[in-house]
Amino acid sequence: MIDFHCHLDLYQNPEKVIKECEDQRIYVLSVTNTPSAWKHTSFLASNSKRIRTALGLHPQLAKERIHELQLFEELIPEAKYLGEIGLDGSPECKNFWSEQTKVFEKILELSSSSGGRIMTIHSRNAASEVLNCLSKHPNSGVPFLHWFSGSQQELYRAIDFGCWFSIGPPMVSSIKGRQIISKIPKDRILPESDGPFTSIKNKQTHPLDVLVVYQVLTEIWNEPIDIVENRIFTNFKKLLLQV
Ligand code: MN
């Protein structure tokens, strides 16, 4: 199985979660919320063959951590993946919108000048704005919209632009989320847990909970589980060729 967006470093006991991922042979993209978390988070997974660490600066932290852009720039040569990055247009984040756009644009600029990266992007209440920024930086890499929740029009624009999508437990358990998933091309999807920030029946999600994503895809695609697993793994291999 694959969990393409998980905050391993923010579990109470990351070592235990990592050990469980290893035992179950699950591939994980371990995202970070600040450049200062990069070193320790990559170290956590340094002996894990199936875990990769992404360098991030979360939009919700854009104001308090804008000074870490310098560190982001220093670290980007080491990082094949970027995230969590993006924009958040919700009311509580709108008052530092200018810092958010400054941070996101700078990261896209750095990614472009480094040859492009696979990027896992937050776009809550800001899908159009994220797409506008991506359009300005066409060489920034492969954009993954994680937990997409925009309009149908924004979804089609993202698909036309070439975006990929990572989908998790909250999306597969809501009607709107399932409608979105049914419209995404089957060859642009990977599962995610977004743990530990999401929950299933009031229990914090674990990377292994991506199983529920596979199960719901069998319903949405009307295909047996082995076909779904094959598709997802084929997508993953295709993506890795672009790193
Ligand atoms: Mn996240």
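I began with burial: 54% of the 243 residues in the chain are buried (under 20% relative accessible area, with a 1.4 Å probe and protein chains only).

I noted that this is a predicted model, where local features need pLDDT of at least 70, side-chain atom pairs count only at pLDDT 80 or more, and totals for chains, interfaces and linings use all residues. Residues are numbered from 1 along each chain as its sequence is written, and side-chain values use heavy atoms, with hydrogens and water left out.

I then looked up the core. The largest nonpolar core holds 74 residues (buried Ala, Val, Leu, Ile, Met, Phe, Trp, Tyr and Cys joined through side-chain atoms within 4.5 Å). Phe-4, Leu-82, Phe-165, Leu-217 and Ile-232 have the most contacts inside this core. Helix 5, residues 97-113, gives the most to the core, with six residues.

I followed Ile-232. Leaving aside residues up to four places away in sequence, Ile-232 touches Ile-2, Ile-189, Leu-190, Pro-191, Tyr-214, Leu-217 and Trp-221 (contact: heavy atoms within 4.5 Å).

I checked contact range. Of the contacts between residues at least 6 apart in sequence, 69% join residues at least 24 apart.

I counted 11 helices and 10 strands in the chain (DSSP runs numbered from the N terminus: H or I of at least four residues, E of at least two). The radius of gyration is 17 Å, close to the 18 Å of the globule rule for 243 residues, so the chain is as compact as a globular protein of that length (C-alpha atoms; the rule is 2.2 Å times the number of residues to the power 0.38). The C-alpha trace spans about 45 × 40 × 35 Å along its principal axes.

Note on methods:
Buried means under 20% relative accessible area, exposed over 50%, partly exposed in between (1.4 Å probe, protein chains only).
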